[in-house]
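User: Please go through this model with me, one question at a time.

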Amino acid sequence: MRDGRVNRAIQQGRARTTGIKTRVPELRERVPELRERVPELTDQLKNRGSELRTKGAELRTHGGELARQYAKMDVSWARCSYAKAARAALLSFGLGPLIDYYVRKRVVGGEVFDTLSHPVVFVANHSSHLDTPTILRALPPKWRRRTAVAAAADYFYNTRWKANGVALLFNTVPLGRNGGGLGDGATDHVDRLIDDDWNLVMFPEGTRSRDGRIGKVRSGAAVIAAAHGIDIVPIYLGGTHEAMPPGCNWPKRKPGRFFSRRHEVEVRFGDPIRPRSIDDRHEVMDQVRAFWERKGLPAAPAFQPAEDVPEREAVLAG
């Protein structure tokens, strides 16, 4: 059987050799034609190189224009002392009591702030417009006063009145949500805030989840954290999707037999993830995603080695 395979291989090799020998005259006839096309192909390569250089220049120009556009969109006056005072009053005495009518908030992991220092990047899952006020109200006051929220430039900054409103209420900064472009100057205004010791809240999914499940996680937050050498603090939000899913303009209470009830909303702060290289950005965001998928709960303990089982059973038997 083995000899049969060897014979077939020999026959196939001979057939290929015969085919190549048959095409040799044809290839020899095409040599002059190919020589004549060498200058043409050379010119095409030169033209292609010029096109690529022109495209690169256009991309760099676009990056500069994007940076200027975002910087122009940014409502910087929303971070002055008067705006800070107005925002604190609105969150504590206006929007806060209204939200409390619809949800009951529970904060877990707040002790992480005992060992943190400004600035950090907060990264949270996103499934509702309630996410931003819920996070801000869960932060300690001194952290809330120095925290900005990255908001989709194409959604919240498409009109000036909307940009002013969200900036005053939540201290937002415009940022693209489709990924890419972080190295083209599009985050210069954010970099200046972080250099000034402002914290940043980001939603790496880019948009609200329509079914409450975790969507595609982009790595921009890890890139920004690595560029500044600051920690990432993961946040898990549970219950906001039920209280105010996408498509709703206002929160809703849970229906009851006699009276409606409030939704249970939970905010869980995870342990900080230390800054790493930009090349490790995907691994960092995989760590964040794992925190979200286990709903902010501690990771499962490592598997106990089999050799320790008899000793443990002996202790239990004793």
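Helix 7 is followed by Asp197, whose phi is positive, near 70°. This is a predicted model, in which local features need pLDDT of at least 70, side-chain atom pairs count only at pLDDT 80 or more, and totals for chains, interfaces and linings use all residues. Residues are numbered from 1 along each chain as its sequence is written, and side-chain values use heavy atoms, with hydrogens and water left out.

User: Which residues are buried in helix 7?
Analyst: Buried means under 20% relative accessible area, exposed over 50%, and partly exposed in between, with a 1.4 Å probe and protein chains only. Helices (H or I, at least four residues) and strands (E, at least two) are DSSP runs numbered from the N terminus. Helix 7 spans residues 188–195, and its buried residues are His189, Val190, Asp191, Leu193 and Ile194.

User: How many helices and strands does the protein chain have?
Analyst: The protein chain has 318 residues, and 37% of them count as buried. Its secondary structure comes to 11 helices and 7 strands.

User: Is Thr115 buried or exposed?
Analyst: Thr115 sits in the loop between strand 1 (103–108) and strand 2 (121–124). Because its relative accessibility is 67%, Thr115 counts as exposed.

User: What is the C-alpha to C-alpha distance between Thr115 and Pro272?
Analyst: In sequence, Thr115 and Pro272 are 157 residues apart. In space, C-alpha to C-alpha, they are 9.6 Å apart.
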